[in-house]
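Below is a set of questions and answers on one protein chain. The sequence and structure come first.

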Amino acid sequence: MTSITDMKINQLIKEYGSPLFIASADSIKSNLEAFKLAFSNKYPKIIVAYSYKVNYLPEVLKVIHNQSAWAEVASGFEYQIARRLDVPGESIVFNGPHKTNQELRKAIDEGALINVDHFDELEQLEEIASTLGKTVDIGIRLNMEVGIDQLPDRFGFNLEYGEASQIVKRCSERGLLNIRGLHVHLTSYIVEKQSEDNIPAKGIKLIWPKDHGAYQAASEKMVLFANEIKEKYGLKIEYIDMGGGFPKVDSLSPYVDAIVDPIVDGFKEADLPTLILEPGRAIVADAADLVMTVVAVKKLPNGQRAVVADAGINLLPTSFWKFQDIECLSMSNSDLEETIVYGPLCLQTDIIAKAELPKLKAGDKLLAKNVGAYNIPQSSTFIYPQPAVLMIDGTDVKVIKKREGIKDIF
Ligand SMILES: Cc1ncc(COP(=O)(O)O)c(C=O)c1O
């Protein structure tokens, strides 16, 4: 992530305490630029709408919107954050399974692009359109088989079982809603082994990145569907929104081809739809690290080396899916041994990494690398208050989220 030295990190810890998130504005900017370029070099009409849920600290969002990205929001709450940052409604993609009437009315008034998730939302929008006495523009989220063992997809209308076709038929017959776009977001979670007791985290594995073949399958199916509904109902699809889930920008190229080629092949040049992309992780994952301090060294009953650090799954909840990459600050890499890194919580499951680490002692500093995606918005105040988040921007260091304390509880 950052190019700051270990010495500087030690200084920052003295000043702002441990643990401490450190984000890099330069990494966000360069990731976003490279992401946009990878697609715009290959396709004439692209919109990048950053996925707010992944990290919506306002200072992070400011960096992103200064690079002229749109906002992809998944709730009315995230919508409000975007508006508060002066993102115009027309530059917001409004997704998600729970949108209130009031939120939908506002989004319609402000020209946001609304992707409908389910039938009840469709009915809600039909009622609003009737009340307004005008046709309301929408996109519809689709789900489909793309050749990976994904969890049953609860978002959107299914393509293979004809649900999506029925929705298009209904909209076309009623004339209240005008379908302008098709949306999909391929899940990053696959089922490793069917869970019998339905505990969500059981038997499910985070696959990131997914194979680009899944994107190709999705793109081909969306194009086919767009052509089918054009023929049947004369409906012109103006945008195809491929969601997020993209890998790090340096390995994006096969994904660009997988998405763009079917679109270019399947539409006449004059009818090419706008391609919307909603990256999250690809923009911010490697743009923040978490510095933490070893508080205890342990030998487990099975002889395994372990340490307890002052940050655990309370701050790095993505550890449930994937262990963190851990580095030591200012240490020689001698006497390496597999070490379990526990967090400070009174929970056996508070494990954030298993890594080859040198012999550590209390007070040593560890760095959980590339933790900028999904961790900060999902962090909790479980047992400990949340730490400060700093942002390095050129030579500037600023606090973009204050360390919490006891007063924040009261
Ligand atoms: C609709 C939608 N778009 C975009 C994203 C961002 O995905 P990623 O961070 O994997 O790029 C998500 C994440 O869950 C999502 O649900």
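**Questions on the fold**

The protein chain has twelve helices and 20 strands. The model is predicted.

Q: What radius of gyration does the protein chain have, and what would a compact globule have?
A: For 410 residues, a compact globule would have a radius of gyration near 22 Å. The C-alpha atoms fill a box of roughly 70 × 45 × 45 Å along the principal axes. The radius of gyration of the protein chain agrees with the globule value, at 23 Å.

Q: Among contacts between residues at least 6 apart in sequence, what percentage join residues at least 24 apart?
A: Burial gives some background: 42% of the 410 residues count as buried. Of the contacts between residues at least 6 apart in sequence, the share that joins residues at least 24 apart is 69%.

Q: Which residues of strand β3 point the other way from W70 and E72?
A: In a regular strand, side chains alternate between the two faces of the sheet. Strand β3 covers residues 70-73, and its four residues are buried. W70 and E72 point one way, and the other way point A71 and V73.

Q: Which residue in β3 is the bridge partner of Y50?
A: Strand β2 (residues 46-51) pairs with β3 in the parallel sense over three bridges. The bridge partner of Y50 in β3 is A71.

Q: At what angle do helices α2 and α3 pack?
A: Two packed helices are described by the angle between their axes and the distance between the axes. Residues A25, I28, K29 and L32 in α2 meet V60, V63 and I64 in α3, and α2 passes α3 in a right-handed crossing. The axes of α2 (residues 25-40) and α3 are 9 Å apart, and the packing angle is about 40°.

Notes
Residues numbered from 1 in each chain as written. Predicted model: local features only at pLDDT ≥ 70, side-chain atom pairs only at ≥ 80, totals over all residues. Helix = DSSP H or I, 4+ residues; strand = E, 2+ residues; numbered from the N terminus. Rg over C-alpha atoms; globule rule 2.2 N^0.38 Å. Buried ≥ 20, exposed ≤ 12 C-beta atoms within 10 Å, placed from the backbone. Contact = placed C-beta atoms within 7 Å. Pairing = 2+ DSSP bridges. Axes fitted to C-alpha atoms, helices over the stretch in contact; angles between N-to-C directions. Left-handed = near helix turned anticlockwise from the far one by under 90°.
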